[in-house]
Amino acid sequence: MKLTLFVCLVALAAAAPDRDAQTLTDERSDQGDGNFRYEFETSNGIYTQKTGTPGSEGQSNYQGSFR
């Protein structure tokens, strides 16, 4: 039981947000017709980008990456 509690506390500490992180890139584009693009990067290594286009029957098609 003690080991489980310890592992949970370590995981919680590792997941704590980095309050000193700075936004390096924040680019967004929304054309209003279902087409969009965004890119976001922070100084602590978070990076994501996604592009979306309208799909059939009100769905959206997404393509992107994150790290």
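**View A. Lysine K50 over the ring of Y62.** In this predicted model, K50 lies over the face of Y62, 5.0 Å from the ring centre. A charge is counted as sitting over a ring if NZ of Lys or CZ of Arg is within 6 Å of the ring centre and within 35 degrees of the ring normal. Residues are numbered from 1 along each chain as its sequence is written, and side-chain values use heavy atoms, with hydrogens and water left out. As the model is predicted, local features need pLDDT of at least 70 and side-chain atom pairs count only at pLDDT 80 or more, whereas totals for chains, interfaces and linings use all residues.

View B. A search of the whole structure finds two aromatic pairs. One of them joins F36 and Y38, which are stacked, at 6.4 Å centre to centre and with 10 degrees between the planes. Rings of Phe, Tyr and Trp (its six-membered ring) pair if their centres lie within 6.5 Å; planes under 30 degrees apart count as stacked, over 60 as edge-to-face and the rest as tilted. Ring pairs link F36, Y38 and Y62 into a cluster. F36 is partly exposed at 22% relative accessible area, and Y38 is also partly exposed, at 28%. Here buried means under 20% relative accessible area, exposed over 50%, and partly exposed in between (1.4 Å probe, protein chains only).

View C. Strand β2 (residues 36–42) runs antiparallel to strand β3 (residues 47–54), and six bridges join them. Strands (E, at least two residues) and helices (H or I, at least four) are DSSP runs, numbered from the N terminus; two strands pair if DSSP finds at least two bridges between them. E41 has Y47 in β3 as its bridge partner. Four residues lie between the strands of this hairpin, in which G45 takes a positive phi near 95 degrees.

**View D. The hairpin of strands β3 and β4.** Seven bridges connect β3 with the antiparallel strand β4 (residues 60–66). T51 stands opposite Q63 in β4. The hairpin has five residues between its strands, and E57 in the turn has a positive phi of about 55 degrees.

**View E. The surroundings of T25.** T25 belongs to strand β1 (residues 23–30) and is buried, with a relative accessible area of 16%. Apart from neighbours within four places in sequence, T25 is in contact (heavy atoms within 4.5 Å) with E39, F40 and E41.
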